[in-house]
Every structure is written in C-alpha cells, then in structure tokens.
Amino acid sequence: MDVDEWRDDPVRHRYVHGGFVGTDTRFSFYLPPAERYEGRFFQHLTPVPDREDLAQGARGAEDKIAFSSDSGAIFVETNGGGAVATPGSDTDPTVGAYRAHAAAARYARAVAGERYGSHRAHGYAYGGSGGGYRTIGCAENTDGVWDGFVPYVIGSPMSIPNCFTVRMHAQRMLRDRLDEIVDALEPGGSGDPYATLDVPEAEALREATRLGFPPRSWFGHRTMGMHAFPLLYGGLRLADAAYFDDFWTEPGYLGHDEPPVVEPDVVRHRCEIAAVLDAAAAAAREVEVGLPPGQLRSGVDASWQGGGAPVALVLSSDPGPVVDGADLYVRSGEGTGARLAAVAVVGGVVVLGPGGEEVLARLRPGDQVELDNRGFLAAQTYHRHQVPGPEFGAWDQFRDPDGTPAFPQRPLLLGPLFAQHAAGTVQTGDFAGHMIVVSCLLDREAFPWQAAWYADRVREHLGAATEDRFRLWFVDHALHGDDEAQEDPVRTVPYLGVLHQALRDLSAWVERGEAPAPSTAYEVVDGQVVVPARAVDRRGVQPVASLAADGGDRADVPVGRAVTLRATAEVPPGCGPIVAVEWDLADGRGFAEREVVQPADSVALERTCSFAGPGTHFPAVRVTAQRDGDAATPFARVQDVARARVVVA
C-alpha cells in the first residue's frame, strides 16, 4: 500500500490519494465530515480504465463528490488498473473489470474504520456504459466486497459492435431522409416514418429499429456520429480480417449481392498531407469554416504529448463524396505502412478517431496517404453475420422460418468477447447483493432492450425472489451520456437525478430494508421497449409529462393568434412531489418561464403563446420531481419533458 497524499477540505471532505505497491492501480477517496457520514461509500466505475481523479472539478448535479457527501457517503474512484483490455491483448481483463475496484473498495472500508471509528461501511458500486459492464462484473464475480450495485445505460453480450454497425448502416442509407423521419415522429407529425422511403431505405430503417435503435432518437443524426466504433474498429479487423474481403467477394454479403446499394459510396482517394494541425490550429480552422468547437479534435488525445502535438490532417485534395468513416493508409514518410481510423472528412480536414496518436506525431506535410472507406462500409452490416441464440429476439429478423441464420455466419460471435473484456466475464444475471438498473429509452449506444435482456437473466436465477433484490427503471426522453447539459434540452432530460435516487434508495434497501419504487412496467416489441402512458401504470421513479396545444398535439393557427398550451404531469406513487415546472415557448429563450408551484404529486397548468410570422414551432414544458420536495438541491432531481407542434400559416 502506498498512500501518497492526504488533503483536507474543511467544507466538504478529506481527500486520500494513493496506489497499491507493485501495481498500476491508483485510487482516490473523498471522506465527508464526521457529522455527515452515515456508514457507506459510493464507488464510481468509469467506462474504460482511466484516471482516479476524474470527479474533481465537477459542479452541480455532475459533482459526484458533493453528491456522495450529501448522501452521507465516502466517494471512491480508481483508475481501474490503468490498462485497457481488448480482444487479442495481453492485459488481464479481470483487473480492470473488478479486481482493481475490489481492492480499492476493501481499502476504502479500512480507511473508513480508521477515520470514523470501527464499523463495517456499506459499499455500493455504480457505473454506466462500459462502466455498466464493469459494475455487473463486480456484482457477478465478487462476494462481500459491495452490498449493492447500480449499473446504468448497460449493454448486453451482443452490443459490440452491433449497436454501432446497424446505426451506421442506417445513417448512410437514410442520410437524405432523416429529417423527414424525424418530422414524422415529432409531436403532431404523421407518425409514419416510412411514408416517403423507397424499399432499400425502408429496409434499413426497419432493420435498425428491430435491432433496437430508438426511432425517436434520430433527431440527433447530425451530431451522433459513430460514437465508440472507431475505437472498436481495429479490434474488429484484428479478430475477423477475412470478413473485409468476404463482404465484397462472397455470396450472402451485401457488397457482393447488392453492389448498387454500396458502391456509390465507395471512396478510394490518394493525395498528400497539405498540413498537420495542432489543437490551436484545428480550433482556428473550426472557426474559419463554421464548425462546432471541438469537431476536428474530437477523437485524438494529444495531452500526453504536450502543447503543439498534432490532432488533425489537412488533405491536398477533396475526396469527393461524403466520407463517414475510412481507413487512412500512410504510403510514404516516417509513418509508411501505418493505418489510422478517420471518422470523417470535414472542410478538407480529416477528423481522426481515437488511437494512433504516436503515428500521427510522425506525419509531415507532403507525405502520401490514401483514404479508403471500404472497410467501414463492410462493417456496417457485420451484425447480420453475428446471429446469436434465440434469447436475443432482436436478431429474429435475420433468421429463416426454421430459426437458422438467413445470412452466412462468421466463425466467432465477437460481442461476447468484447463483453468479457469489459466485465471480466460474460453477464449471466447471477449476482450477490441488491441491484437497481437504470436504462434510457432514447439511448442510441446501449439500446434499451438490453436492460430488459439482463432483467430476464436475473429472473432466471432469482425466480420469485427477484423483487426482493432487483429493480429496473427506464427513463424516457434520456440519452446515453450522464451529462447534466443535454445536446437538445427541449427534446431530452438528464438522467442523473434517477441515478442519484437509485443510489440513495439502494442504500436504504440494504441498510434499513426499505424497498425502492417498483420496476418500470414495459414490454419489448420488435426490438423496442414500450412503456405505459400514465405514471401510475408505468411505475419506476420518473414523472410523466404531457403537453397539448389547443387541445391536441398539433395546432394550426394564423399569424398572431394565441395558442393555449396545457401541461399536465404526475409522479408514480411514492416518488416525491413535483417541485418545478418550466416553459419553453419556442421564442429562442429556452426554458425561461418558470411556474411557482406548490409541491404536489400532479400538476395541470396553462400558458398562451403566439407567433408573429409563419413557421413550425415546438413549445415545450419540463417538470422536475424531487423525493424530499427540495426545489433548491441539485441532486435527485428527476425530470421529464413534453412538446407540442404549432404550425403558423
């Protein structure tokens, strides 16, 4: 044991930073004042092994340290052993999955005893996305280390790479139709996203929907990109190199069977590097061509190289068609023979994916490169050739009537391999302790049915005792990231408040036997999780809001005529009162209008709005519930949002 720093913050906590001698595992503990401590610790697991000080500097609802202190808990964070385990690597996946975290948890309990007096602190692990895999790995592979777990936005053993490939295929096939699809699914729309699509387009949308992509989440098509796929792509090529030839040459693969669907998007472009941009130059280029801040630097971590390190490349000539993912092969110079993953080409600049920073540092203007997107095009239908067992109903669309796969299958199912490297073992549903899973209905990266899949595995093990130890809460209008500021606050809400409530309810369940709110009621239909419309029927912990414009989800009015907006909201039984109602009147000010409300389990409010010119507008209402009725706290604020369409002619 090597504790290399103790530091006191007289307001919030005592800070302990250190590591385990002879290992790469580092940890940080944040100990609240004795008068706040209630005998527990919350331990956050990051999506990949990372730093042990990520929580520092956060504010508001994202402040894990302050939330833990406010909840009477020590906050624990580790670097997960410091190395990422991927298929084919020599890194032991169990270290980052649960062993490093377990060692830190045991030591945190010892430190708690030294700090606050002899006792056994209750421990709770939580993590989202890749951290959700790790949280489940901790739950299923340890006993007595933690008392409860909150995995959130979780995947299944078939998530990777399939959730990304099917989305990329739909993004390419539907790039000119996505605005129409979004409009059809918005409040007051036609409700039929297939109405304007041709046969190949409709097939692509149906394929993505049945595999689990939430159709209402296409509103983010301009910004969602490929998410983590560029990081996984190298592992996919390493594990199944032959696929990238078979796709183009063998029957049963899209590239061979239907060339007109793929070949118009093929890019093979040789050119030179015109310039190598560091972060400052890339930022200036973003301003110059009107791109969002960070877009040209999104995938590269150059921090380890210091100032002036390269992050992007300018090409000497334009590759032509839209490039959404490609291999960038280096054909001359110091980097000859290397391959980098290019996320996109924007404004003549190659946007690079994560990894390859050392190669990038060796590139110079004048080096010959070749941009080739055939590998990324082939990857977009890899999921068709990864049909798992019948418990994964989302793949039924790729089975013949007798249950056999309709497409040629690859030698290995890669999803379980990726899952094992994240969690240490493939998830089974057999865990010790108590668990609350949080899943989001607009999640584009961890499709919601996967949480239901895990719940089914839990029921197989626990049977009639499932309700004594397990809950699954779905959150509507929430995405994958656990950020307080959402990419579209009119359409989405953060789920941090649900996560806070899950940790608090979990500790009450373990320590005092107080059962939490029941699981959300749901059914899985053709890959989509469907929940009841009313809070009393839906259950879980989220309030349910609705908004009507002149009595419906759409109002058609002339210029200047007032529209009556009626908002209603209710919370599930026992889940705390509504403490805030905010209006966005579609006038460019955001949620600027706030109602003065007395805490209540339901509300019904009206406002009027009007518009001075023609156009389509979407006023919205956002409601917040807080279990303790505290309207001022940033923690455990559980929200929902609702919109209506106003068409001004």
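Among the elements lining the largest cavity of this predicted model, helix α17 (496-512) gives the most, with three residues, and α1 (64-70) is the other element that gives two or more. A cavity is here a set of points, on a 1 Å grid over the protein atoms alone, where a 1.4 Å probe fits but cannot get out, and lining residues have an atom within 4 Å of a point; helices (H or I, at least four residues) and strands (E, at least two) are DSSP runs, numbered from the N terminus. The lining of the largest cavity is made by Ala61, Glu62, Asp63, Lys64, Phe67, Tyr126, Tyr152, Asp482, Leu496, Leu499 and His500, which divide into six nonpolar, one polar and four charged residues. In this division Ala, Val, Leu, Ile, Met, Phe, Trp, Tyr, Cys and Pro count as nonpolar, Asp, Glu, Lys and Arg as charged, and the others, Gly among them, as polar. The space in the largest cavity is about 70 Å³, and the count of cavities of 30 Å³ or more comes to three, a volume being the space filled by probe spheres set on grid points that are joined across faces, edges and corners.

Residues are numbered from 1 along each chain as its sequence is written. Local features need pLDDT of at least 70 in this predicted model and side-chain atom pairs count only at pLDDT 80 or more, while totals for chains, interfaces and linings use all residues, and side-chain values use heavy atoms, with hydrogens and water left out.

The second largest pocket, a pocket being an open set of points with protein on both sides within 12 Å along at least five of seven lines, holds about 950 Å³ of space. Its lining comprises 35 residues, of which Pro187, Arg216, Asp476, His477 and Val641 lie nearest the centre, and divides into 22 nonpolar, four polar and nine charged. At least two lining residues of this pocket are supplied by each of α5 (178-185), β17 (528-530), α18 (535-538), β18 (544-549), β20 (563-570) and β26 (637-643).

Strands β18 and β20 also belong to an open three-stranded sheet with the order β18-β20-β23 and antiparallel pairing, where two strands pair if DSSP finds at least two bridges between them. The edge strands of this sheet are β18 and β23 (602-609), each of which pairs on one side only, and the twist averages 15 degrees from one strand to the next. Between β18 and β20 the antiparallel pairing extends over six bridges, and Val544 has Glu570 in β20 as its bridge partner.

A further open sheet of three strands has the order β19-β27-β24, with mixed pairing. Strands β19 (554-557) and β24 (615-617) stand at its edges with a single partner strand each, so one side of each is left without a neighbour in the sheet. Strand β24 pairs with β27 (residues 645-648) in the antiparallel sense over three bridges, and Gly615 stands opposite Val648 in β27.

The axes of helix α3 (residues 130-141) and helix α14 (residues 414-423) come within 8 Å and cross at roughly 75 degrees, axes being lines fitted to C-alpha atoms, for helices over the stretch in contact, with angles from 0 to 180 degrees between N-to-C directions. That makes α3 roughly perpendicular to α14, a description used for angles of 65 to 115 degrees. The contact (heavy atoms within 4.5 Å) is made by Tyr133, Arg134, Gly137 and Asn141 of α3 and by Ala419, His421, Ala422 and Ala423 of α14.

Key: Angles under 35 degrees count as roughly parallel, over 145 as roughly antiparallel, 65 to 115 as roughly perpendicular and the rest as oblique.
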